[in-house]
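Subject: Structure handover and notes

Dear colleague,

Here is the structure for you to take over. My notes on it follow below.

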Amino acid sequence: VHITMKLHLLPTILTAVFGSASAAKDSQYDPIQNFPALVEWFTSHGGQIDPRITLGYEPSTNPKVRIRGMIATAHIEPETVLIHTPASLMISDFDRNHCEVIQRVVEELELGEESKWDMYFNFDGSSLVSTSGLDDGDEEEQGHGQRHTRTPTQWKTEDQPGSRAIKELQGLPPTGDTHRHINWYTSACNDSEELTSIQLKAFVMFLTRAADRGMVPMYDLMNHHNGLINTRLQVDEEGGMSVIAATAIEENEPIYNTYSRGGGESTVDVFNTYGFVEDYPQLWRWSDVDMIVKAEDPNHAFGRYVGPDENSGVDAEGRGFEPNSHHYEVLVISPTLAALHPTKALVHILGNGRRTIDEWRVEINSHHATLRKSHVNAMHDSALAVLSELPTTIKEDENTILPNERRLFEKVKKKGRVDQSKADTIQAIEYRLAFKKALKLAVDVARSGQFYLDSEEL
């Protein structure tokens, strides 16, 4: 199957082996036990962190999966300053030049213990987010000597031996785009020269931990959740950054950030950059050949909607009818609730606030009442075509292929070896399964939802 997203490809010139950049630390290293030392370093250099915050395991409905993240140890009132990182503790560039920020990280890494950020660099906060559920009998503790998840840009390229992970995407996005980030860095920042192991380490650290302002210690330990976000950011006049409680935070409640605010980045983008499938809500985006042609017209997607006066596009006040994407897009709220072709107004809350399931249902019903059935039919046909052309089904992935891959991984792990290539493959299969489920839900919603009936021929 040939499916495309917006691609920003550079020639693939990656020749270094990523294993040196993401080598696992000593299996006995425990970030939770080492968190107080990080706090001591942070506060001794002018940082502030509320004493009711710790690093722990998030509550989970699946006892087999343990997810590390920032946790409140007691009730915290709204508007409380949770974390303040002064500008002097950031690794940033005045002009927001990413190449310069990464180069500064490289230089500090080369200093080793003499660097002010040595404690920060050596704190193993990797893999703080979980992958999908496991089989009975398996246990996964993220980032602690179990299955280390990597970003797709760390996977082996298609021309390297053992590059199965990319093939297991089965052509679904981000196929063809998995190494966009490393290609950019190598080309834009290193004159297309082969990267050193320190450059690779600095780049991966920047890719997975940096904020818009650069490297911001302590802030980067918050996990991502666009459905349960409870913080907001505030920049002070001196260039420092604070994390503020946007809501009341209860004891044992995770403290969440967002990596994709307001629907600008899809679940595909989050996976391609950070290496995990985000929890609900999810925003899945794809294109086919027909949509690529249509997307060349910047106004085509406005015709999906009908306003109160039955005109296309925005209403008289310019509210609510601007498409979030010019490609096919489905906003998945739960395994049974989704919005087709969401508008910017509908997705604006992602990373900016919360809605209950009932509130989402009301908003989605109102949205679908303005969405032309002809455009819904086109999405239905595209999603169905994609699913029919994929080499494996949801049932095969979920019941046979994924459990078998996990068993093989566990068999090797019990012998004292972590098969990183196999771990990458499992990661790709888990992702494609989530994508397929989103496509299937889009088909189901297109068939059962209530939309604006029109006779337009697409």
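Which residues do ring pairs link into a cluster? They are Trp155, Phe271, Trp284, Tyr431 and Phe435. Please keep in mind throughout that this is a predicted model.

Overall figures

The chain has 13 helices and 13 strands. Of its 458 residues, 54% are buried. Among contacts with a separation of 6 or more, 72% are between residues 24 or more positions apart. The chain exposes about 20600 Å², and carbon and sulfur atoms supply 49% of that area.

Aromatic rings

The structure holds 15 aromatic pairs. The pair of tryptophan 41 and tyrosine 120 is stacked, because the ring centres are 6.1 Å apart and the planes are at 5°. This pair links distant parts of the chain: tryptophan 41 is in helix 1 (residues 31-44) and tyrosine 120 is in helix 3 (residues 118-122), 79 residues apart. Tryptophan 41 is buried at 8% relative accessibility, and tyrosine 120 is buried at 1%. Tyrosine 120 also has arginine 209 over its face, at 4.7 Å from the ring centre.

Tryptophan 184 and tyrosine 185 form a tilted pair, with 6.3 Å from centre to centre and 40° between the planes. Tryptophan 184 is partly exposed, with 30% relative accessibility, whereas tyrosine 185 is buried, with a relative accessible area of 2%. Elsewhere, the charged end of arginine 355 sits over the ring of tryptophan 360, 4.6 Å from its centre.

Nonpolar cores

The largest nonpolar core has 47 residues. Those with the most contacts inside it are Phe35, Met70, Leu82, Ile83, Met215 and Met218. Helix 6 (residues 197-209) gives the most to this core, with 7 residues. Beyond its neighbours within four places in sequence, methionine 218 is in contact with Phe35, Leu38, Val39, Phe42, Ile49, Met70 and Ile83. There is also a second, separate core of 37 residues, which includes Phe271, Ala338, Leu371 and Leu441.

The disulfide

The count of disulfides is 1. It joins cysteine 99 to cysteine 189, with an S to S distance of 1.9 Å. The torsion about the S-S bond is about -75°, so this disulfide is left-handed. Cysteine 99 lies in helix 2 (residues 98-111) and cysteine 189 in helix 5 (residues 180-190), so the bond ties together parts 90 residues apart in sequence. Cysteine 99 is buried because its relative accessible area, 19%, is under 20%. Cysteine 189, with 24%, is partly exposed.

Serine 242 is found in strand 9 (residues 241-245) and is buried, with a relative accessible area of 9%. Apart from neighbours within four places in sequence, serine 242 is in contact with Val81, Ile83, His84, Arg232, Leu233 and Gln234. One of these, Ile83, is among the residues with the most contacts inside the largest core.

Threonine 178 is placed in the loop between helix 4 (164-167) and helix 5. At 4% relative accessibility, threonine 178 is buried. Not counting residues up to four places away in sequence, threonine 178 touches Pro152, Thr153, Trp155, Ile166, Leu169 and Asn272.

Backbone points to check

The peptide bond from proline 173 to proline 174 is cis, with omega near 15°. Proline 174 lies in the loop between helix 4 and helix 5. The bond from tyrosine 280 to proline 281 is also cis, with omega near 5°, and proline 281 lies in the loop between helix 7 (267-274) and strand 11 (282-286).

Aspartate 191 is not a glycine but has a positive phi of about 55°. Aspartate 191 is in the loop between helix 5 and helix 6 and is exposed, with a relative accessible area of 64%. Histidine 341, likewise not a glycine, has a positive phi of about 45°. Histidine 341 lies in the loop between strand 13 (337-340) and helix 9 (344-347) and is buried, at 2% relative accessibility.

Regards

Methods: Residues numbered from 1 in each chain as written. Predicted model: local features only at pLDDT ≥ 70, side-chain atom pairs only at ≥ 80, totals over all residues. Heavy atoms only, no water. Phe/Tyr/Trp six-rings, centres within 6.5 Å; stacked < 30°, edge-to-face > 60°. Helix = DSSP H or I, 4+ residues; strand = E, 2+ residues; numbered from the N terminus. Buried < 20%, exposed > 50% of the residue type's maximum accessible area, 1.4 Å probe, protein only. Lys NZ or Arg CZ within 6 Å of the ring centre and 35° of its normal. Core = buried A, V, L, I, M, F, W, Y, C linked by side-chain atoms within 4.5 Å. Contact = heavy atoms within 4.5 Å. Disulfide = S-S within 2.5 Å. Areas by Shrake-Rupley, 256 points an atom, 1.4 Å probe, with all protein chains shown as cover.
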